[in-house]
Amino acid sequence: MKNTVRIRILRCGTMTPPAAAYPGVPKRYVRRGRVELPVSAFLIETPNHKPVLVDTGWGRAISPAGVYDHAAARAKLPPHLCAYWQPVTPPGWSVREQLESLGFSPAGLETVLLTSLEPDHVAGVDEVRDAPRIELPEQEKYWTPRTVYALRQPRSLWEHLPVKPFYYRGVPDGPFRRTWDLLGDGSILCISTPGYTEGACVLRVNSPSGKFALVQSSVAVCRDVLGTENVPLAGFNHEFQKRSLAWLTEMSREKDCAAVLFGHDPEETPRTIEL
């Protein structure tokens with residue numbers, strides 16, 4: 001894959017939050033007021049770097065037998081988050097299990113990028129603690145312990161690890177003109193898209209072919225909401241969310257946009273795309 005970019009969608013669990021919090025999800029996925037959504041991580045391979053892992057899913061410890069286990073979930077999350085998310089990691093779905101099945105190890109990664117400190121993004125981070133680096137946006141790390149985000153983002157999931165913050169700067173791109181060049185060569189841009197959380201980002205993955213893909217989980221829950229204002233209602237700044245969603249919709253229509261990947265779309269399937 002000398003001049004090819006490869007992005008693997010890894011299904012790393014499920015969650016079943018209240019359906020009312022996710023307008024725009026097709027009603028066929030709603031049961032008894034809740035909606036079952038996938039929890040995804042992404043493995044990005046670029047020509048000049050080792051693979052980059054994006055987010056970690058729930059991990060095995062939160063769901064040891066592959067079903068919802070309240071006691072195990074309670075060991076990782078406070079009761080109100082257990083009840084809200086109902087986390088499940090089916091057999092073989094943890095991020096470490098999937099990396100091993102593909103022939104990768106955490107130590108062989110370039111970095112682990114956490115796009116958010118929401119539990120479904122970071123609860124499995126212990127499984128990749130041997131990665132050379134674990135990174136996340138500085139805004140996310142700074143605000144989590146200081147504001148209402150603390151109600152939803154337990155620090156205990158990650159604060160024992162050497163998580164390194166990065167700062168959006170240097171590349172004026174995206175809905176708020178704040179972007180970080182993750183690998184220093186323009187191949188993966190972390191574009192600030194706040195609203196759901198303060199530091200949340202969309203990744204623009206650029207290929208030598210001129211094509212690009214957008215990788216995200218927090219701006220749009222599924223493809224059906226593109227072109228609408230149906231943002232996740234659990235976000236803390238709906239106006240910023242709508243601005244980020246409008247930008248994502250606009251970018252999805254660019255002629256060189258090869259794909260928009262959705263971390264929680266119930267119609268998205270584990271697959272590999274090449275650019």
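Q: What do buried, exposed and partly exposed mean here?
A: Buried means under 20% relative accessible area, exposed means over 50%, and partly exposed is in between (1.4 Å probe, protein chains only).

Q: And what kind of model is this?
A: This is a predicted model, where local features need pLDDT of at least 70, side-chain atom pairs count only at pLDDT 80 or more, and totals for chains, interfaces and linings use all residues. Residues are numbered from 1 along each chain as its sequence is written, and side-chain values use heavy atoms, with hydrogens and water left out.

Q: OK, how many salt bridges does the structure hold?
A: There are 14. To count, a side-chain nitrogen of Lys or Arg has to be within 4 Å of a carboxyl oxygen of Asp or Glu.

Q: Why would side chains pair up like that?
A: Because opposite charges can pair when the charged atoms come close.

Q: Which side chain does Glu97 meet in a salt bridge?
A: Arg60's, at 3.0 Å from N to O. Glu97 is in helix H3 (residues 95–101) and Arg60 is in the loop between strand S5 (52–54) and helix H1 (70–76), so the pair links distant parts of the chain, 37 residues apart. Helices (H or I, at least four residues) and strands (E, at least two) are DSSP runs, numbered from the N terminus.

Q: Is Arg60 buried or exposed?
A: Arg60 is buried, because its relative accessible area is 17%. Glu97 counts as partly exposed, because its value is 28%.

Q: What about Glu229, which side chain does that one meet?
A: Lys242, in a salt bridge of 3.8 Å, N to O. Glu229 is exposed at 57%, while Lys242 is partly exposed at 27%.

Q: Which residues are linked in a network of salt bridges?
A: Arg6, Arg8, Glu45 and Glu274.

Q: Changing topic: which residues make the nonpolar surface patch?
A: Val148, Leu151 and Phe236 make one of about 290 Å². Patches take residues with over 30% relative accessible area and no salt bridge, joining like charges within 9 Å and nonpolar side chains (Val, Leu, Ile, Met, Phe, Trp, Tyr) within 5 Å. Accessible areas come from the Shrake-Rupley method with a 1.4 Å probe, and for residues only the protein chains shown count as cover.

Q: Where is Phe236?
A: In the loop between strand S12 (212–216) and helix H6 (238–252). Phe236 counts as partly exposed, because its relative accessibility is 39%.
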